[in-house]
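I opened my notebook beside the model today and went through it one place at a time. Here are my entries, in the order in which I looked things up.

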Amino acid sequence: MNATTERENVEYRLTAADRCDSCGAQAYISAEVNGSELLFCAHHGRKYEEKLRAVATVWHDETARLVDAN
């Protein structure tokens with residue numbers, strides 16, 4: 001699958017109203033941990049990704065939106 005096809009299959013569900021739990025910037029990553037949703041900007045999502053993925057039941061990443069030309 002090429003990068004264009006992968007982007008077309010991404011379901012965007014985070015909006016500009018969704019804010020990072022660490023700094024308040026726009027959230028592009030959500031993680032479900034113990035039944036609670038945590039939201040992160042791209043920076044904090046990457047910073048905590050390794051530890052979060054180990055305990056998250058859901059990892060939703062929309063950081064590709066930051067580089068999309070459209």
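**Entry 1: serine 30.** I began by listing what serine 30 touches, leaving out neighbours within four places in sequence: Arg13, Leu14, Glu37, Leu38, Leu39, Val58, Trp59 and His60. By contact I mean heavy atoms within 4.5 Å. This is a predicted model, so I note that local features need pLDDT of at least 70, side-chain atom pairs count only at pLDDT 80 or more, and totals for chains, interfaces and linings use all residues. Residues are numbered from 1 along each chain as its sequence is written, and side-chain values use heavy atoms, with hydrogens and water left out.

I then looked up where serine 30 sits, and found it in strand β1. For elements I rely on DSSP runs numbered from the N terminus, with helices being H or I of at least four residues and strands being E of at least two. Is serine 30 buried or exposed? Serine 30 counts as buried, because its relative accessibility is 1%. My cut-offs are under 20% relative accessible area for buried, over 50% for exposed, and partly exposed in between, with a 1.4 Å probe and protein chains only.

The side chain of serine 30 also makes a polar contact, at 2.8 Å, with the side chain of arginine 13. A polar contact is a pair of N or O atoms within 3.5 Å; within protein, one must be able to donate a hydrogen and the other to accept it, and residues adjacent in sequence count only if both atoms are side-chain atoms.

Entry 2: Which residues pair with serine 30 on the neighbouring strands? In β2 I found leucine 39 as its bridge partner, and in β3 I found histidine 60. β1 and β2 run antiparallel and are joined by 5 bridges; β1 and β3 are also antiparallel, with 4 bridges. Two strands pair if DSSP finds at least two bridges between them. Further along, I saw glutamate 32 standing opposite glutamate 37 in β2. I also noted that 4 of the 5 residues of β1 are buried, so the strand is mostly covered.

**Entry 3: the turn.** β1 and β2 form a hairpin with 2 residues between them. I stopped at asparagine 34, in the loop between the two strands. Its phi is near 50°, a positive value in a residue other than glycine. Asparagine 34 counts as exposed because its relative accessibility is 76%.

**Entry 4: histidine 60.** Next I followed the pairing over to histidine 60, which is in strand β3. At 15% relative accessibility, histidine 60 counts as buried. Its side chain makes a polar contact with the side chain of glutamate 62, at 2.7 Å. Leaving aside neighbours within four places in sequence, histidine 60 is in contact with Glu11, Arg13, Leu14, Tyr28, Ile29 and Ser30.

**Entry 5: the core.** Which residues make up the largest nonpolar core? I wrote down 9 residues: Cys20, Ile29, Ala31, Val33, Phe40, Cys41, Leu52, Ala56 and Trp59. β1 gives the most to this core, with 3 residues. Such a core is a set of buried Ala, Val, Leu, Ile, Met, Phe, Trp, Tyr and Cys residues joined through side-chain atoms within 4.5 Å. I checked cysteine 20 too: not counting residues up to four places away in sequence, it touches Ala25, Gln26, Ala27, Leu39, Phe40, Cys41 and His44.

**Entry 6: helix α2.** The 14 residues of α2 (residues 42-55) should span 20 Å at 1.5 Å a residue, and the end C-alpha atoms are 19 Å apart, which agrees. The expected span is 1.5 Å times one less than the number of residues. I also found a bend of about 70° at glutamate 49, taken as the angle between axes fitted to the seven residues ending there and the seven starting there. The buried residues of α2 are His44, Gly45 and Leu52, and they pack against β1 (29-33), β2 (36-40) and β3 (58-61).

**Entry 7: the whole chain.** I finished by stepping back. The chain has 2 helices and 3 strands, running α-β-β-α-β from the N terminus on. Of its 70 residues, 27% count as buried.
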